[in-house]
Protein chains: 2
Amino acid sequence: MEDATGPKHDGPESGGQIDRRKGRMATDVASLLRERISTGEMPPGERLREVQLCEEFGVSRTPVREAFRTLAAEGLVDLLPNRSVVVSKLQADDVRHLIVVFAEVEALAARLACERITDDEIKEIGRLLNEMVDCHGQRERAAYLKLNQKIHRRTIEISGNPVLLAVWQSLAPQIERARALPNLDSSRWTDALFEHSKMFTALATRDGAQLAELTRQHFLNALPYINESIAESA
Amino acid sequence: MEDATGPKHDGPESGGQIDRRKGRMATDVASLLRERISTGEMPPGERLREVQLCEEFGVSRTPVREAFRTLAAEGLVDLLPNRSVVVSKLQADDVRHLIVVFAEVEALAARLACERITDDEIKEIGRLLNEMVDCHGQRERAAYLKLNQKIHRRTIEISGNPVLLAVWQSLAPQIERARALPNLDSSRWTDALFEHSKMFTALATRDGAQLAELTRQHFLNALPYINESIAESA
DNA sequence: GGCTTCAGTCTTGTATGCAAGATACCTTAA
DNA sequence: TTAAGGTATCTTGCATACAAGACTGAAGCC
């Protein structure tokens, strides 16, 4: 569209951070698309046309198509046979269902992490939490969210269960998508931070049952905000 | 290898139930491979060579490669860049981790299902359970396992949470793979059946908390048998 | 004997051709 | 004006050609 004289591929275009080494292109394309979908840059319902993405990334259709399969298995896009691939819809119900499951996944991770966490790791999480508090003070929401995700990811990693990590990784992008909805997170920002504080106390004292319950509630508390948020985005 | 004069494709070979309509081949190939991996017909570590599968299924490499991506996202195979795709290993630790997560997923489903199950659905599950008891009496293990999975699947469906269903579907093939290990299930057969009886009682009385706990234990009880079973298969 | 090197072969990764299904648009008739 | 139908165009799905990385094995060297 931007250039009708389509050069097939002449190197990475502006913004196309594709590693053109053999064997990584499909994976890289999947990562880039995953990122765009997670952040909401590609909103639910958007059609993904193969050739358009090919030209943008400077690759052929094959790696793009393979990336689609990966994303489809992750639930980020729907493959409509013989029709376009579209970013999967994020209905209010879906998000609610997602959060219920995610809360349980995180609760399990929290419980397991309490059994295994080292003193050093407790310090590490503590540092991250402090940074997060600072971000809140300076209203740096993007940085806050990055730290927030990092804390949760580290907790899963510390739990030492690779299956749990895999499940978490498959759901996390969807949660990020939901977070990109207006006001879902921001109206809960301060409360969420206090909850994190309490959670850290439970973690530092290795109180698994308590941490699991706090974690579960941390996510379930977001539920009431969902309807409002989805409605606004529509 | 078996036939150097490679005919590209001349219709579905013996056992190749590929629907050759446009738009379904990759999906069908994925289903067939998933089945083979789940049943243990393709054991962990087996290398999947593209051309070999192409010839067997009578399709080109493209749909096979796309199926690989799907299976990789499901964790059934590992994509080794520039090397073969291999059926992912099923280590003792992996199975243990898998069961811990699966138990929680099923427990959540059980709790949610209790809130929503109708009287008719209770009758339906009851019928399935009775059939299962009959299978046990006649030592028909394969039929028993099919019914067993059906009961669990119906429970997830009744829970009414599509995200939970998606997670369950991504883990279930791995559980089936573990079940294919020698003696993992058979030595627990009778006990497992009694546990199912108790679980049904909780379900029929819609006692969510009780059913969740029974379900969790039902899976965790298998843990002690894992080591032994994995050792035997190695 | 064991290790390294290098050529040949094998297997995978990417690009592209071609056909089938889907979409859009234009014509035509009521 | 609207609805129906048909055609042109677009987009996807599959097959296949070609290239790059990985493997194999034999020869040469220590």
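A polar contact, as I use the term, is a pair of N or O atoms within 3.5 Å; within protein, one must be able to donate a hydrogen and the other to accept it, and residues adjacent in sequence count only if both atoms are side-chain atoms.

Ground rules for myself: this is a predicted model, where local features need pLDDT of at least 70, side-chain atom pairs count only at pLDDT 80 or more, and totals for chains, interfaces and linings use all residues. Residues run from 1 along each chain as its sequence is written, chains are lettered from A and ligands numbered from 1 in written order, and side-chain values use heavy atoms, leaving out hydrogens and water.

**Contacts with DNA strand C.** Ser60(A) uses a backbone N or O atom, 2.5 Å from a phosphate oxygen. For Arg83(A), I found a side-chain N or O atom 3.0 Å from a phosphate oxygen.

**Who is around the strand.** I count a residue as near if one of its heavy atoms lies within 4 Å. There are 23 such residues, and Ser60(A), Thr62(A), Arg83(A), Arg61(B) and Arg65(B) come nearest.

**Domain record.** UniProt, in an unreviewed entry, puts "domain: HTH gntR-type" at residues 23-90 of chain A; I keep in mind that annotations may be inferred rather than shown by experiment. I get 32 Å between the end C-alpha atoms of that span.

Note on methods:
Helices (H or I, at least four residues) and strands (E, at least two) are DSSP runs, numbered from the N terminus.
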